[in-house]
Amino acid sequence: MSVSALYPGTFDPVTNGHHDLIRRASSLFDRVVVAVAASPGKKPMFSLMERVTLVREVTADLPNIEVTGYSGLTVNVAREHDLKVIVRGLRAVSDFEFEFQLSNMNRHLNDHVETVFLTPNERYSYISSSLVREIASLGGDVSGFVHPRVESELLARCGRD
Ligand code: COA
């Protein structure tokens, strides 16, 4: 039986931690659709199209990945792509409460979708997109946290190129 999964997130921008999780998902599932949420409430630094393009470039080394952007409900994207599994990452215990709420709400919205949690390598447990954006904007080195393509886009956005 072929099992495919959806990995949703804002990816503003995609980090090495996200890549680690996508790589793990790609080895477990036949196909992984990485869904980049518009998330206007988070006032993203990068446009939806820019974030989708960066995720595509960063995951070009992985064979069974598709990348799409969306602005509606995550469960609707899962339904449109005929996916019954949502993958989410748990970096630390502090992620759990929000993820527990999200997965139960998604189940309420669509009872045919199950959420599966993966943990990234511990060296990525303290990375987040907002910390990476903040470090880049304050002149710090983000090369250990993001792909070189993402780093150059971040530096350009922060007027550091
Ligand atoms: N490595 C590095 N960072 C990670 C990570 C990993 N493996 N996993 C999560 N993060 C970070 C992200 O960079 C992000 O950092 P930031 O908040 O500092 O920018 C943070 O953890 C949370 O990101 P993420 O887990 O991607 O959540 P999100 O808030 O960006 O996305 C959605 C949540 C998009 C899945 C959720 O809001 C959603 O489903 N929205 C669509 C609308 C909807 O369906 N709403 C109803 C939901 S029940």
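Which residues are buried in α6?

Mentor: This is a predicted model, in which local features need pLDDT of at least 70 and side-chain atom pairs count only at pLDDT 80 or more, while totals for chains, interfaces and linings use all residues. Residues are numbered from 1 along each chain as its sequence is written, and side-chain values use heavy atoms, with hydrogens and water left out.

In α6, the buried residues are Val-150, Glu-151, Leu-154 and Leu-155; buried means under 20% relative accessible area, with a 1.4 Å probe and protein chains only. Seen down the axis of α6, these residues fall within an arc of 135 degrees, so they line one face of the helix; the arc is that of the directions from the helix axis to the C-beta atoms. An α-helix has 3.6 residues a turn, so residues three or four places apart point the same way.

The cover over the buried residues of α6 includes α2 and α5 (129-137). Helices here are DSSP runs of H or I with at least four residues, numbered from the N terminus. The axes of α2 (residues 48-58) and α6 (residues 148-157) come within 10 Å and cross at roughly 150 degrees; these axes are lines fitted to C-alpha atoms over the stretch in contact, and angles run from 0 to 180 degrees between N-to-C directions. The two helices, α2 and α6, are therefore roughly antiparallel to each other, a term for angles over 145 degrees.

Glu-50, Leu-54, Glu-57 and Val-58 of α2 meet Arg-149, Val-150, Glu-153 and Arg-157 of α6, where contact means heavy atoms within 4.5 Å. After α6 comes Gly-159, with a positive phi near 65 degrees.

Definitions and conventions: Angles under 35 degrees count as roughly parallel, over 145 as roughly antiparallel, 65 to 115 as roughly perpendicular and the rest as oblique. Buried means under 20% relative accessible area, exposed over 50%, partly exposed in between (1.4 Å probe, protein chains only).
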